[in-house]
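Q: Could you take me through this structure, please? I have not seen it before.

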Amino acid sequence: MNPSNCLVANDWICGEYLRTRREELTDALVQHVGITAASVAIALLVAVPLALLVRARPRLAAPVLGLTTLLYTVPSLAMFSLLLPVFGLSSALVVTGLVLYALTILVRNTLAGLEAVPAETREAARGLGLGPWRLLWQVELPLALPVLMAGVRMATVSTVALTTVGSVVGRGGLGNLIEDALPTFFKAQVLAASVLCVLLAVTADLLLLGVQRLLTPWTRATRAPGGE
């Protein structure tokens, strides 16, 4: 039997589709990874200073957290439509929207991580002569890393999913393939793109978990006695 028959029959699982569309799948996956990575990185660069500002000026907590929460409630299509006059049909449009969504998670987790640092640890560090900046970089941020990295993982998985919506402007990575396949209900393409999206989210989460463990070796040391 000719393997290309699965394309004619429009089967869900079709090896011939994977073989003949490998380059198309790879390009979509690379775009998806690029948009996701850029969005999370920019969101992190914005979220950490915002969280530090809120901690330094508690009166700003309500407006900042309220605004980021409000942004997260805006439907993705509406968000992209609001940003369209500024960025046009570009990757910047999608990345900006995804950054705004990720801020909700990252700002809250950064604040939670910093607030979880024991007060006695701060006092001990000050007693050793550490100034505000050294205290932040050498004590507070390292101790806040587990919570912060948990936020990065959640934001990344969420962004992988939301990136597909960027297909409305042709910048949705794997979402482009899904949208292109829906009018004709091209089953193999829908399934392949969807599975790749799930695998990308799982892979990103596992990689970030590995990075978290490398950056916070003390958390493994404290759990080791209980695991024996």
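**A helix with two sides**

Q: Which exposed residues does the face of α5 turned away from its buried side carry?
A: That face carries Leu82 and Pro85; exposed means over 50% relative accessible area, buried under 20% and partly exposed in between, with a 1.4 Å probe and protein chains only. The model is predicted, so local features need pLDDT of at least 70 and side-chain atom pairs count only at pLDDT 80 or more, while totals for chains, interfaces and linings use all residues. Residues are numbered from 1 along each chain as its sequence is written, and side-chain values use heavy atoms, with hydrogens and water left out.

Q: And which residues of α5 are buried?
A: They are Ser76, Met79, Phe80 and Leu83. Seen down the axis of α5, these buried residues fall within an arc of 90 degrees, so they line one face of the helix; the arc is that of the directions from the helix axis to the C-beta atoms.

Q: What do they pack against?
A: The buried residues of α5 pack against α4 (61–73) and α6 (91–115). Helices here are DSSP runs of H or I with at least four residues, numbered from the N terminus.

Q: What follows α5?
A: Gly88 does, and its phi is positive, near 70 degrees.

Q: Changing topic: how much space lies in the largest pocket?
A: About 220 Å³. On a 1 Å grid over the protein atoms alone, a pocket is an open set of points where a 1.4 Å probe fits, with protein on both sides within 12 Å along at least five of seven lines; lining residues have an atom within 4 Å of a point. Grid points are joined across faces, edges and corners, and the volume is the space filled by probe spheres set on the points.

Q: Which element gives the largest share of its lining?
A: α3 does, with six residues. The lining divides into 10 nonpolar, two polar and no charged residues.

Q: How does the lining of the second largest pocket divide?
A: Into five nonpolar, no polar and three charged residues. This pocket has a volume of about 160 Å³, and α8 gives the most to its lining, with five residues.

Q: One more: is Gln212 buried or exposed?
A: Gln212 is buried, with a relative accessible area of 13%. It lies in helix α10 (residues 187–215). Not counting residues up to four places away in sequence, Gln212 touches Pro146, Met149, Ala150 and Arg153, where contact means heavy atoms within 4.5 Å.

Terms used
Nonpolar A, V, L, I, M, F, W, Y, C, P; charged D, E, K, R; others polar.
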